[in-house]
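Please keep the sequence and coordinates open while reading.

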Amino acid sequence: MKIILNGKEDILPEGITVAGLISLKKINPDTIIVEYNYELVKSELWPDIFLKENDRLEILRLVGGG
Amino acid sequence: MEDVLRIGGQELTSRLFLGTGKFSPNSLIPEAVRSSGAQVITVALRRVDQGSEEENIASFVPGDCIMMPNTSGARNAGEAVRIARLARAAGYGNWVKIEVITDNRYLLPDNFETIKATEILAAEGFVVLPYMSPDLVAAKKLVEAGAAAVMPLGAPIGSNRGLKTRELVRILIEEIQLPVIVDAGIGRPSEASEAMEMGAAAVLVNTAVATAGDPVAMARAFGLAVEAGRTAYLAGLGATRQYASASSPLTGFLSD
């Protein structure tokens with residue numbers, strides 16, 4: 001299954017959830033902001049969202065900036 | 001009497017805003033914030049780099065500070081609005097620094113798109129502080145759009161070149177009824193002090209502190225300089241003259 005993750009195509013196992021993806025990519029879930037198809041998704045809902053073909057996911061984080 | 005800067009319903013006693021970029025290590029940030037006295041701290045939002053372990057910058061910002069995400073990376077109003085909404089929805093408050101840039105060499109802001117983004121976000125209840133080129137017409141439009149302050153650049157971002165836009169910033173301070181916060185380019189405490197002597201409401205500094213030999217000491221120097229400049233502004237600077245004007249009486253000399 002192909003999705004667009006942070007602007008790039010990524011091939012993922014069928015039936016994976018947002019929480020599963022975060023775990024698969026070894027991303028620390030404590031400090032990230034997830035936007036699923038242009039909508040912010042709170043962390044409580046990550047296990048409930050099953051990714052579909054051509055979904056767009058942005059995984060963001062606050063960093064130092066001026 | 002206490003000198004307070006009011007922005008977005010908040011009362012600030014420090015007129016130094018501090019950015020969090022380029023610190024190495026980031027663990028210096030809390031110390032720099034404390035030694036500077038800064039109360040408004042800027043951060044940015046970026047895609048997670050899957051290959052590297054990144055620190056949570058929010059954990060370095062003292063809890064009593066106002067965290068102000070910027071919209072750096074936005075190339076138009078729509079992208080700036082999206083970043084602002086995401087940061088607020090994620091729980092990072094309603095202050096936002098609008099930064100819309102398409103010029104990669106000088107990183108000069110797009111005032112037109114900045115005005116559009118300000119209008120949208122101010123209507124949504126954000127406290128909007130737009131980074132801008134110091135143009136009076138654009139600043140007036142930002143006021144109409146609902147900005148909480150305007151933030152003209154002193155020199156290109158990260159250049160440490162100082163108040164190159166001095167005359168234009170002066171006009172903004174004179175003509176705009178909102179706080180004018182000089183953002184970008186300030187490289188030395190003396191330049192921050194000068195901006196404050198001119199009547200700027202505050203200055204935002206990042207690179208000059210973060211890349212100093214001792215960032216914590218430099219943060220303190222900037223805090224002192226901003227306070228000195230502000231105090232001088234409130235005191236009212238004496239007139240400048242072309243020729244000498246004796247400080248001591250010109251009568252009663254021994255030779256008289």
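Q: Is B:Val226 buried or exposed?
A: The model is a predicted one, and B:Val226 sits in helix α8 of chain B, which covers residues 215-235. Its relative accessibility is 3%. Buried means under 20%, so B:Val226 counts as buried.

Q: Which residues does B:Val226 touch, not counting residues up to four places away in sequence?
A: The residue belongs to helix α8 of chain B. Contact requires heavy atoms within 4.5 Å. By that criterion B:Val226 touches B:Arg15, B:Leu16, B:Ala192, B:Met196 and B:Val203.

Q: How many Å apart in space are B:Val226 and B:Ala202, C-alpha to C-alpha?
A: In sequence, B:Val226 and B:Ala202 are 24 residues apart.

Q: Which residue does the UniProt annotation "active site" cover, and in which strand does B:Lys97 lie?
A: The annotation comes from an unreviewed UniProt entry and covers B:Lys97. This residue is placed in chain B, in strand β6.

Q: Is B:Lys97 buried or exposed?
A: The relative accessible area of B:Lys97 is 3%. The limit for buried is under 20%, so B:Lys97 is classed as buried.

Q: Which residue of chain A is in contact with B:Lys97?
A: Neighbours within four places in sequence are left aside here. The contacts of B:Lys97 in chain B include B:Thr42, B:Met68, B:Leu129, B:Tyr131 and B:Asp183. From chain A, the contact is A:Gly66.

Q: In what order do the three strands of the open sheet in chain B run?
A: The pairing in this sheet is parallel. Its edge strands are β6 (95-98) and β8 (151-152), each pairing on one side only. The order is β6-β7-β8.

Q: What angle does the direction of helix α3 make with that of β7(B)?
A: Strand β7 (residues 127-132) of chain B pairs with β6(B) over four bridges in the parallel sense, and B:Trp95 has B:Val127 as its bridge partner in β7(B). Helix α3 (residues 111-123) packs on the sheet and touches both β6 and β7 of chain B. The angle between the directions of α3 and β7(B) is about 180°.

Q: What is the largest C-alpha distance within the UniProt feature "binding site"?
A: The unreviewed entry places this feature at B:Gly158, B:Ala184, B:Gly185, B:Asn206 and B:Thr207. These positions are spread over 50 residues of sequence but cluster in space. The largest C-alpha distance is 9.0 Å.

Q: Which backbone nitrogen does the side chain of B:Asn206 reach?
A: At 3.5 Å, the side chain of B:Asn206 reaches the backbone nitrogen of B:Thr20.

Q: At what distance does a polar contact join the side chains of B:Thr207 and B:Lys22?
A: B:Thr207 is in helix α7 of chain B and is buried, at 11% relative accessible area. Not counting residues up to four places away, B:Thr207 touches B:Lys22, B:Gly158, B:Asn160 and B:Ala212. The polar contact between the side chains of B:Thr207 and B:Lys22 is 2.7 Å.

Q: Which residue takes a positive phi in the hairpin of β1(A) and β2(A)?
A: Strands β1 (residues 2-5) and β2 (residues 8-11) of chain A run antiparallel and are joined by four bridges, with A:Ile3 opposite A:Asp10. Two residues lie between the strands. The residue with a positive phi, near 45°, is A:Asn6.

Q: What is the radius of gyration of chain B?
A: Chain B has eight helices and ten strands, and 52% of its 256 residues are buried. A compact globule with 256 residues would have a radius of gyration near 18 Å. The value for chain B agrees with this, at 20 Å.

Notes
Residues are numbered from 1 along each chain as its sequence is written. Chains are lettered from A and ligands numbered from 1 in the order in which they are written. This is a predicted model: local features need pLDDT of at least 70, side-chain atom pairs count only at pLDDT 80 or more; totals for chains, interfaces and linings use all residues. Side-chain values use heavy atoms; hydrogens and water are left out. Two strands pair if DSSP finds at least two bridges between them. Axes are lines fitted to C-alpha atoms, for helices over the stretch in contact, and angles run from 0 to 180 degrees between N-to-C directions. UniProt positions are given in the numbering used here, feature names are shortened, and annotations may be inferred rather than shown by experiment. Buried means under 20% relative accessible area, exposed over 50%, partly exposed in between (1.4 Å probe, protein chains only). A polar contact is a pair of N or O atoms within 3.5 Å; within protein, one must be able to donate a hydrogen and the other to accept it, and residues adjacent in sequence count only if both atoms are side-chain atoms. The radius of gyration is taken over C-alpha atoms; the globule rule is 2.2 Å times the number of residues to the power 0.38.
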